[in-house]
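Welcome! Take a look at it first, and then read on.

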Amino acid sequence: MSFLRALNISGSALTAQRARLDIVSENISNIDTTRTENGGPYRRKVVQFQAVGDKNFKTALGNALLRDGEHRAGHVNHVHLRHRHVLQAGQGGAGVIVSDIIEDESPFKTIYDPTHPDADEYGYVMMPNVELIKEVVDAMSASRSYEANVTAVNAVKLMASKALEVGR
């Protein structure tokens, strides 16, 4: 794997996790919003990711084993020759992208507050389907993923630096 490809993969993950944190902060900031432009309470939003590059884990694992087998054997047999074009074609783009931001369709919470301006005739108010605990856990997960990718970027930078020192 080239240094630039590794940086691109981690960079795409950093961008995706930042988008995830932005959506979490939007959800938290609208935790009490009972009236939106659409007329109802705010709906929780969720980020969906999509892998770029290998289509599934089985393909990715098979390609990695194939590359590892080529490196260890020091030669390429006929099976490897058949798959070489697939490996080279799939190496251009890899990583993750935000494929969609969807609204959570779980039901709204209802509270009894007859003094609220958005209360119905029985005094109940429809509140957003945002739960603070879920959002905090999602933010922690995104933050940890972000930190892991920063660590990966730093490791690639260190490897590139050491490779340049070898050339001196």
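Helices (H or I, at least four residues) and strands (E, at least two) are DSSP runs, numbered from the N terminus. This is a predicted model, in which local features need pLDDT of at least 70 and side-chain atom pairs count only at pLDDT 80 or more, while totals for chains, interfaces and linings use all residues. Residues are numbered from 1 along each chain as its sequence is written, and side-chain values use heavy atoms, with hydrogens and water left out.

**The nonpolar patch**

- Ile28, Leu132, Val136 and Met140 make a nonpolar surface patch of about 330 Å². Such patches are made of residues with over 30% relative accessible area and no salt bridge, with like charges joined within 9 Å and nonpolar side chains (Val, Leu, Ile, Met, Phe, Trp, Tyr) within 5 Å. Areas come from the Shrake-Rupley method with a 1.4 Å probe, and for residues only the protein chains shown count as cover.
- Helix H4 (residues 132-166) gives the largest share of this patch, with 3 residues.
- Isoleucine 28 sits in helix H1 and is partly exposed, because its relative accessibility is 32%. Here buried means under 20% relative accessible area, exposed over 50%, and partly exposed in between (1.4 Å probe, protein chains only).

**Salt bridges**

- The whole structure holds 6 salt bridges, each being a side-chain nitrogen of Lys or Arg within 4 Å of a carboxyl oxygen of Asp or Glu.
- One of them joins arginine 20 and aspartate 138, at 2.6 Å from N to O. Arginine 20 belongs to helix H1 and aspartate 138 to helix H4, so this pair ties together parts 118 residues apart in sequence.
- Arginine 20 is buried at 14% relative accessible area, whereas aspartate 138 is partly exposed at 21%.
- Another links lysine 45 with glutamate 26, whose closest N and O atoms are 2.6 Å apart. Lysine 45 is in strand E1 and glutamate 26 in helix H1, so parts 19 residues apart in sequence are tied together.

**Around arginine 44**

- Arginine 44 lies in the loop between helix H1 (3-29) and strand E1 (45-52), and counts as buried because its relative accessibility is 11%.
- Beyond its neighbours within four places in sequence, arginine 44 has contacts (heavy atoms within 4.5 Å) that include Asn27, Ile102, Asn129 and Lys134.
- Aspartate 104 forms a salt bridge with arginine 44, with the closest N and O atoms 3.5 Å apart. Salt bridges that share partners join Arg44, Asp104 and Glu135 into one network.
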